[in-house]
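Me: I'd like to go through this one with you. Can we start with the overall layout and then pick out some details?
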Amino acid sequence: VTIYVKVFTNSPFLVCMDLARSHEELIDPKYSWIGPDGKSLKGQKYVNLTETGKLMVMGFKESMSGAYTCTLSHKIIETTTQEEREMFEAYRFMVYAYREADHAYRVFVRFTTRECELTANGLFFEELKKILNNIISDLTCRIVESSCKCHSVKLPDQGLLHELFVSFQVSPFAPGWKETCHQVPRDCEDAANVRVREARDRIGEFFHKQTYALKRQFRIVPTIHYVDSSFSVIRIDSCQPGFGKNDITHRNCASCCVVCSPGTYSPNNEVTCQTCTKPQVKMYGATSC
């Protein structure tokens, strides 16, 4: 059985028997849990072991990932002879730490301009970035990886137009984000994802209002103006070092950033764990080989 546990949370209870066995009578049942390091979990402070063989791992960390094995022993007593036989059954759970992916948003938007060589195009782009950064600054989000390119566009039944193709990324990591993160250290990525989603929504609302302004507020249309309905956005995911996505190995947690398995590593904020050329790494969550 494969189980995914979010870092810093408690695992669900792992039950030391299958469904069929849970509906049967057990005589003198005993349960023995072994952790990923091959040692008994009895008496460990980070686990909750019940008398009925259930195991909960508390405050789950990357290093706690791996195979958890339970051996169930119980007696079978023959009705006629009262002869006792001891039975052993083993159950194995693969438990992986995971984090939510860090989200950023790539925005695409277009503006009509008089000509591509217009000096005002560059000034307009710089001013646009300032406005957008001001809109989201209180969320400790910012505009990064921005670009502005001018292209000639021929529309059906119209002449040649010139348009600015603007793209930028909305990042939740503006100066001050670490201080914000320290307020909710265990749910930092969740809080960051909420902030950057709010930033995305504010920016979307800003561009939607441009259409209203052009139709209702301007008697003379500005030289550079928003192209109606040109706003679009896509989400970009990244993972913390030591984590990555794999929708084949971890298909039941395909959108999660799952801890890198032994023999793999992730040194940065990419979304995949890389394979070590010489798989000497035997730990989970490695950031280097």
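Me: Which domains does the domain assignment give for the protein chain?
Reply: Domain 1 (2-100), domain 2 (102-217) and domain 3 (239-288). The bounds come from an automatic or database domain assignment. This is a predicted model: local features need pLDDT of at least 70, side-chain atom pairs count only at pLDDT 80 or more, and totals for chains, interfaces and linings use all residues. Residues are numbered from 1 along each chain as its sequence is written, and side-chain values use heavy atoms, with hydrogens and water left out.

Me: How much area do domain 1 and domain 3 bury between them?
Reply: About 990 Å², with 71% of it on carbon and sulfur atoms. Buried area is the accessible area (1.4 Å probe) that two parts lose on being put together, summed over both.

Me: Which residues in domain 1 lose the most area to domain 3?
Reply: Y4, Y96 and R99. Together they make up 51% of what that side buries.

Me: How many salt bridges across that interface?
Reply: Zero by the rule, which looks for a side-chain nitrogen of Lys or Arg within 4 Å of a carboxyl oxygen of Asp or Glu.

Me: Switching to K30. Is K30 buried or exposed?
Reply: Exposed, at a relative accessible area of 55%. The cut-offs are under 20% for buried and over 50% for exposed, with partly exposed in between (1.4 Å probe, protein chains only).

Me: What is K30 in contact with, leaving aside neighbours within four places in sequence?
Reply: T71, L72 and S73. Contact means heavy atoms within 4.5 Å.

Me: And how far is K30 from T275?
Reply: Their C-alpha atoms are separated by 40 Å, and the two are 245 residues apart along the chain.
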